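I opened my notebook to look up a few things in this structure.

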Amino acid sequence: MRVLVIGSGAREHALVLALRKDPSVTAVYAAPGNAGIAQHAQVRAVDPSSGAAVTALARELDADLVVIGPEVPLVLGVADAVRAAGISCFGPSAAAARIEGSKAFAKDVMTAAGVRTAHSEVVDNPADLDAALDRFGPTWVVKDDGLAAGKGVVVTADRLAARDHGAELLEQGHPVLLESFLDGPEVSLFCLVDGETVVPLLPAQDHKRVGDGDTGPNTGGMGAYTPLPWLPAETARAIVEDVVRPVAAELVRRGSAFSGLLYAGLAIGQDGPAVIEFNCRFGDPETQAVLALLESPLGELLAATANGTLDQVEAPRWRDGAAVTVVVAAENYPGRPRVGDVISGAEDSGKSDTAAVLHAGTQLRDGQLVSAGGRVLSVVGVGADLAEARANAYARIAGIKLTGSHFRTDIGLAAVESRISV
């Protein structure tokens with residue numbers, strides 16, 4: 001099987017590495033890729049948001065399967081274009097991808113499916129913002145109703161800060177989604193979904209805030225870990241049965257059957273799981289940790305999902321232990337990042353089975369590896385338990401040098417210290 005992976009981040013780097021381990025995968029291509037991915041796959045240029053360009057490249061490479069990593073191409077219908085050309089594609093249709101592309105649509109689906117989520121209200125007129133804010137609080141959750149790469153959300157007890165964010169979004173022409181605040185630890189659960197067939201992967205926890213102790217603004221994700229020692233197995237099963245399956249069934253009922261990776265982000269409060277958001281693709285940085293523990297052939301799982309035979313495939317097998325992803329970010333991220341700085345110490349020696357460096361915002365310039373984005377690298381440590389996985393990840397980071405870079409030092413620490421409970 002020849003596989004083309006669309007995307008250029010650490011998520012796609014993780015997908016490429018996992019696909020290369022599948023004996024049924026004979027060739028792996030990536031487009032547009034990055035400097036790290038180029039060490040493991042043939043990298044080709046492409047506009048990932050163009051269905052015509054992706055389809056043409058898949059034909060040129062004689063790809064048997066196209067795997068679309070980022071959300072923007074999915075929301076824009078690139079998977080539809082690939083499938084229309086008769087090529088198998090892992091990724092939902094544009095109609096199904098609205099589960100991430102429009103938070104208002106996702107709320108409507110969840111309401112119809114009877115899935116517990118935050119109370120919400122859409123504001124599309126600046127004149128209505130103040131009255132709407134008065135109906136929420138004392139902690140305000142203000143979101144961009146569309147795609148915002150994880151950075152369009154403000155959660156604050158400061159009403160003025162909430163108002164300023166909402167007003168800024170409206171000025172940009174973006175509808176605003178106000179939500180009631182959901183308390184409790186957060187869980188990311190990835191599920192392979194083929195219509196009404198749902199196959200869960202390992203639950204993970206993302207760290208969205210830029211600073212230690214969950215301080216500072218939201219980012220695209222500063223780190224993640226899996227599995228979750230504090231999450232009861234029955235709660236994980238309840239998320240699948242009471243959240244993901246009903247949503248998948250509702251999308252089928254609406255004629256927008258989901259095919260691909262459905263990602264549920266939830267808060268586990270005193271009343272049980274409640275959905276914060278749905279995403280239509282593998283999450284970053286959780287994917288890097290989850291795939292580090294996968295023993296089953298990834299290509300087989302993705303192809304079965306794409307081809308409608310997921311119900312015929314053996315359930316995923318997992319390596320014992322834990323995995324931790326720590327993101328190394330550029331100076332000033334999540335603001336406008338400093339780019340073009342030389343990176344040293346990120347080389348893949350191929351000798352370590354306890355830590356790996358996955359590339360996100362990197363490129364080669366005059367033979368040197370330089371930064372080219374906000375989240376530059378994902379360092380993934382694995383170990384017999386979460387403490388060992390953390391130690392391996394941070395030991396590997398100690399050897400990486402990038403001017404002005406920063407990372408959180410507490411990824412997974414609360415779980416190690418048993419400070420999370422449900």
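Entry 1: ground rules. I call a residue buried under 20% relative accessible area, exposed over 50%, and partly exposed in between, with a 1.4 Å probe and protein chains only. This is a predicted model, so I note that local features need pLDDT of at least 70 and side-chain atom pairs count only at pLDDT 80 or more, while totals for chains, interfaces and linings use all residues. Residues are numbered from 1 along each chain as its sequence is written, and side-chain values use heavy atoms, with hydrogens and water left out.

Entry 2: salt bridges. I count a salt bridge when a side-chain nitrogen of Lys or Arg sits within 4 Å of a carboxyl oxygen of Asp or Glu. How many salt bridges does a search of the whole structure find? I got 23.

I looked up R408 first. Its side chain meets that of D214 in a salt bridge, at 3.0 Å from N to O. R408 lies in the loop between β24 (401-402) and α13 (413-416), and D214 in the loop between β13 (209-211) and β14 (215-218), so this pair ties together parts 194 residues apart in sequence. Helices here are DSSP runs of H or I with at least four residues, strands are runs of E with at least two, and both are numbered from the N terminus. Is R408 buried or exposed? R408 is buried, with a relative accessible area of 1%, while D214 is partly exposed at 48%.

Then I checked R116, which forms a salt bridge with D271; their closest N and O atoms are 3.8 Å apart. R116 is in the loop between α6 (103-113) and β6 (120-123), and D271 is in the loop between β16 (259-269) and β17 (272-279), so the pair links parts that are 155 residues apart in sequence. R116 counts as partly exposed at 36% relative accessibility, and D271 counts as exposed at 68%.

My last pair was E250 and R254, whose side chains meet in a salt bridge at 2.7 Å, N to O. Salt bridges that share partners join D108, E250, R253 and R254 into one network. E250 is buried at 6% relative accessibility, and R254 is partly exposed at 29%.

Entry 3: cysteines. A disulfide is a covalent bond between the sulfur atoms of two cysteines. My cut-off for one is a pair of cysteine sulfur atoms within 2.5 Å. I found zero disulfides in the structure. C191 is in no disulfide, and the nearest cysteine sulfur, that of C280, is 14 Å away. C280 is in no disulfide either; the nearest cysteine sulfur to it, that of C89, is 12 Å away. C191 is buried at 0% relative accessible area, and C280 is buried at 1%.

Entry 4: nonpolar cores. In soluble globular proteins, nonpolar side chains tend to be buried together. By a nonpolar core I mean a set of buried Ala, Val, Leu, Ile, Met, Phe, Trp, Tyr and Cys residues joined through side-chain atoms within 4.5 Å. Which residues have the most contacts inside the largest nonpolar core? They are L4, V66, I99, V244, V247 and F278, in a core of 75 residues. Helix α9 (residues 233-253) gives the largest share of this core, eight residues. Apart from it lies another core, of 36 residues, among them A18, L301, L302 and L310.

I followed up on V247. Contact means heavy atoms within 4.5 Å. Leaving aside neighbours within four places in sequence, V247 is in contact with I99, V109, M110, A113, V115, L262 and F278.

Entry 5: two helices. α6 and α9 pack at an angle of about 105°, with their axes 9 Å apart. That makes α6 roughly perpendicular to α9. Axes are lines fitted to C-alpha atoms, for helices over the stretch in contact, and angles run from 0 to 180 degrees between N-to-C directions. Under 35 degrees counts as roughly parallel, over 145 as roughly antiparallel, 65 to 115 as roughly perpendicular, and the rest as oblique. In this packing, F105, V109, M110, A112 and A113 in α6 meet P246, V247, E250 and L251 in α9.

Entry 6: I found V370 in strand β22 (residues 368-371). V370 is buried, at 0% relative accessibility.
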